Amino acid sequence: MRKNRRDFLGFTVSLFFLGLLGYFILSFSPDKNFSILNFSLPTLPFFFLLFFIAIYELFTFVLNNQRQGFFISLFATIYLILRLNNLTHPFFAILILALFITFELLFKKRK
C-alpha cells in the first residue's frame, strides 16, 4: 500500500507567504501606492496576490490536493474582493460557494 507523502516544502512556502502577508498588512495601508521609477502601483493587487498564494499553499498542504487548494483560495480571494466593493449580502457568498462546489464536482467527475 502506497501512502501519499505531503510536501513539506509547500508548508514552508505557506508559512513564508503568511509571514510576508502579515508584514504587508502591518506595514502598508490599502490606499497607499508604490512608486517605482515613474510608475505608481496600488498595494491592493499585491495584497490579493500574497493572500491567494498563502491560502493556496496552506490548503494544498492540509488537503493534499492542488485542485481543492486552488478552489478554496480563489473562493476566499473573490469573497474578499466582493467585500471590498461593499457586496456584503450573504446571497453573494452562497452563490460563489455553489459555483465552486459545482466546479469541484465537475472536475472530480472528469477524473
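Predicted model: local features only at pLDDT ≥ 70, side-chain atom pairs only at ≥ 80, totals over all residues.
Biologist: What does Ser73 touch, not counting residues up to four places away in sequence?

Modeller: Phe52, Ile55 and Tyr56, where contact is heavy atoms within 4.5 Å.

Biologist: How do you know that Arg67 and Glu104 meet in a salt bridge?

Modeller: Their side chains come to 2.9 Å, N to O. The definition asks for a side-chain nitrogen of Lys or Arg within 4 Å of a carboxyl oxygen of Asp or Glu, so the Arg67 and Glu104 pair qualifies. Arg67 sits in helix H3 (residues 66-84) and Glu104 in helix H4 (residues 90-110), 37 residues apart, so the pair links distant parts of the chain. Helices here are DSSP runs (H or I, at least four residues; strands are E, at least two), numbered from the N terminus. The structure holds one salt bridge.

Biologist: Why does Glu104 count as buried?

Modeller: Glu104 has 14% relative accessibility, so Glu104 counts as buried.

Biologist: What makes strands E1 and E2 a pair?

Modeller: Pairing needs at least two DSSP bridges, and four join E1 (residues 33-36) to E2 (residues 39-42), which run antiparallel. Phe34 stands opposite Leu41 in E2. The two strands form a hairpin with two residues between them, and Leu37 in the turn has a positive phi of about 55°.

Biologist: Which residues make up the largest nonpolar core?

Modeller: Eleven residues: Phe17, Leu21, Phe24, Phe34, Phe47, Phe48, Leu50, Phe51, Ala54, Ile55 and Ala76. A nonpolar core is a set of buried Ala, Val, Leu, Ile, Met, Phe, Trp, Tyr and Cys residues joined through side-chain atoms within 4.5 Å. Helix H2 gives the most to this core, with six residues.

Biologist: Which helices do the buried residues of H2 pack against?

Modeller: H1 and H3. Just after H2, Asn64 takes a positive phi of about 55°.

Methods:
Residues numbered from 1 in each chain as written. Heavy atoms only, no water. Buried < 20%, exposed > 50% of the residue type's maximum accessible area, 1.4 Å probe, protein only.
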